[in-house]
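Here's a quick briefing to read with the model open in your viewer.

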Amino acid sequence: MDRSEVTLERMRSFVRVAERGSLSAVARELGVGQSTVTRHIRELEQAVGVPLLTRTTRRVTVTEEGRNYYAGCVHILRLVEQAGDEARSTRGAPAGTVRVSCTAAFGVLHVSRLIFAFQDTYPDVAVDLSLTDERIDLVREGVDVALRLGPLAESSMKLKSLGQSRRLLVAAPGYLAARGRPARPQDLAKHEGVRMSNIAGSDVLVLQGRRGGRHAIPFSGRLRLDHGLAAREALAAGRGIAPAHLWLVSDLLADGSLERVLPDYSPPPVALNMLIVPERSGIARVRLLVDFLAAEIARLPGIERPQSGRK
């Protein structure tokens, strides 16, 4: 076998196995049998003349030669994809797939319909939307763009700030009629809190006063949830009081299903960011979707745009 048999298909298989560390996972991702992926790797190793991966019963790891070769493969595959984008741009029709990961409740209520609108404008662009509150490894999972609420760890990804997500305290009218309406932050300690089990520190509620001042109130309750949509349902059902993103409950406030509690106090807003894999940011369809989502998300209720000059 000679170097003429180093094909793009084999390169793609190798790159994804190097990133995911699993032949079976890549086979499922590509929609082929594991034997096909194994054959691609074997033929690629024969063509380049060095071992690229080390296989054990539990995991596949990249050799030192494989790490060097991986960087070259990523560069080549990116150039090939960008060349295809440029060719398609001559007829004004970006095509291909963009893989997006998004915080679950935000994705269901808002991002999914924004993607529908994007595809109405760009019908040849396929979007693979994954909804999860877990902080996944974008490269390992093959994701191009991720929308995330909250603080972010140091990352090699490109960061685009979408602004701050405003929050407020809410409860159902029935709950307030039965349990009384809090008049000051300290009164919350006597109420049922609907808490998020996947958010650290949810047993203390921090509030900022409209005229300044910070209050940290013990916050407890019999119901803990790990999904924003479940919290929305619990609040509407009168299960307690909770801080909620305005985009999560704006319609329930508008129709009277929920009411604002302690309007002179608010939980601190939460950062909303977009993470973009640097190697994918120059691809036309990715760039178009990023710009589209950034512009549309800025119009959602409770999203306060970042200060001028921030990217």
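His110 sits in helix H5, which spans residues 104–121. Keep in mind that this is a predicted model.

**Around His110**

- His110 has a relative accessible area of 8%, so it counts as buried.
- Setting aside neighbours within four places in sequence, His110 is in contact with Trp247 and Leu300.
- Trp247 turns up again in H9, as one of that helix's buried residues.

**H9 and its partner H8**

- The buried residues of H9 are Leu246, Trp247, Leu248, Val249 and Leu252.
- Helix H8 (residues 228–236) packs against helix H9 (residues 246–254) at an angle of about 25 degrees, and their axes are 11 Å apart.
- That angle is under 35 degrees, so H8 and H9 are roughly parallel.
- As for handedness, H8 and H9 make a right-handed crossing.
- On the H8 side, Gly228, Leu229, Arg232 and Ala236 do the meeting, while H9 brings Leu248, Val249, Asp251 and Leu252.
- Sort the residues of that H8–H9 contact by type and you get five nonpolar, one polar and two charged.
- Leu248, Val249 and Leu252 meet H8 and are also among the buried residues of H9.
- Just past the end of H9, Gly256 adopts a positive phi of about 85 degrees.

**H2 against H3**

- Helix H2 (residues 23–30) and helix H3 (residues 34–48) cross at roughly 110 degrees, with their axes coming within 8 Å.
- The crossing of H2 past H3 is right-handed.
- H2 puts Leu23, Ser24, Val26 and Ala27 into the contact, and H3 answers with Gln34, Val37, Thr38 and Ile41.
- By type, the residues of the H2–H3 contact split into five nonpolar, three polar and no charged.

**Cysteines**

- How many disulfides does the structure hold? The count is zero.
- Cys73 has a relative accessible area of 1%, so it is buried.
- Cys102 is buried too, at 0% relative accessibility.

Notes: Residues are numbered from 1 along each chain as its sequence is written. This is a predicted model: local features need pLDDT of at least 70, side-chain atom pairs count only at pLDDT 80 or more; totals for chains, interfaces and linings use all residues. Side-chain values use heavy atoms; hydrogens and water are left out. Axes are lines fitted to C-alpha atoms, for helices over the stretch in contact, and angles run from 0 to 180 degrees between N-to-C directions. Helices (H or I, at least four residues) and strands (E, at least two) are DSSP runs, numbered from the N terminus. Angles under 35 degrees count as roughly parallel, over 145 as roughly antiparallel, 65 to 115 as roughly perpendicular and the rest as oblique. A crossing is left-handed if the near helix is turned anticlockwise from the far one by less than a right angle, and right-handed if clockwise. Contact means heavy atoms within 4.5 Å. Ala, Val, Leu, Ile, Met, Phe, Trp, Tyr, Cys and Pro count as nonpolar, Asp, Glu, Lys and Arg as charged, and the others, Gly among them, as polar. A disulfide is a pair of cysteine sulfur atoms within 2.5 Å. Buried means under 20% relative accessible area, exposed over 50%, partly exposed in between (1.4 Å probe, protein chains only).
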